[in-house]
Amino acid sequence: MASLSSQMNVIVEKTKNLIQLCEALQEENDLLKLELQSVQVAFDTSKAKIQQLEEQIKAMAVAKSLDEAKDKEAINEKILDTKQKINDFVREIDRCINLLK
């Protein structure tokens, strides 16, 4: 009977060890769940920040294209002004030539 009693003690001891291991694993699981939640929140925040930055990039691209369009309009206006001045000079020169004749 001593062997039966010792076998029972071994089973009880192993059961206690398994219960302790199960509790330790449960604590680790709980900690990992908290860490996962924290990482998920950080990920969602980063994702939102990325989306916000992408929208800013789009807005800046639109602003830049509008600015470039204004620059092109200004250049076109300068070209037209210069052409007009050249035409005025040519008319004045033609007038002077006609007066000299």
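Visitor: Why does Q20 count as exposed?

Guide: Because Q20 has 52% relative accessibility, it counts as exposed, given that exposed means over 50% relative accessible area, buried under 20% and partly exposed in between, with a 1.4 Å probe and protein chains only. This is a predicted model, in which local features need pLDDT of at least 70 and side-chain atom pairs count only at pLDDT 80 or more, while totals for chains, interfaces and linings use all residues. Residues are numbered from 1 along each chain as its sequence is written, and side-chain values use heavy atoms, with hydrogens and water left out.

Visitor: What makes up the secondary structure of the protein?

Guide: The secondary structure comes to one helix and zero strands, where helices (H or I, at least four residues) and strands (E, at least two) are DSSP runs numbered from the N terminus. Helix 1 covers residues 2–100, and Q20 is found in helix 1.

Visitor: Why is the contact between R91 and D88 called a salt bridge?

Guide: A salt bridge is a side-chain nitrogen of Lys or Arg within 4 Å of a carboxyl oxygen of Asp or Glu; the closest N and O atoms of R91 and D88 are 3.0 Å apart, so the pair qualifies. R91 and D88 are three residues apart in helix 1 and therefore separated by about one helical turn. R91 is exposed at 51%, whereas D88, at 38%, counts as partly exposed.

Visitor: Which residue meets E92 in a salt bridge?

Guide: The side chain of E92 meets that of R95, at 2.6 Å from N to O, and by this rule the count comes to two salt bridges. E92, at 37% relative accessibility, counts as partly exposed, and R95 is partly exposed as well, at 45%.

Visitor: What makes M8, I11 and V12 a patch?

Guide: Patches are made of residues with over 30% relative accessible area and no salt bridge, like charges being joined within 9 Å and nonpolar side chains (Val, Leu, Ile, Met, Phe, Trp, Tyr) within 5 Å. M8, I11 and V12 form such a nonpolar patch on the surface, with about 280 Å² of accessible area together, as given by the Shrake-Rupley method with a 1.4 Å probe, where for residues only the protein chains shown count as cover.
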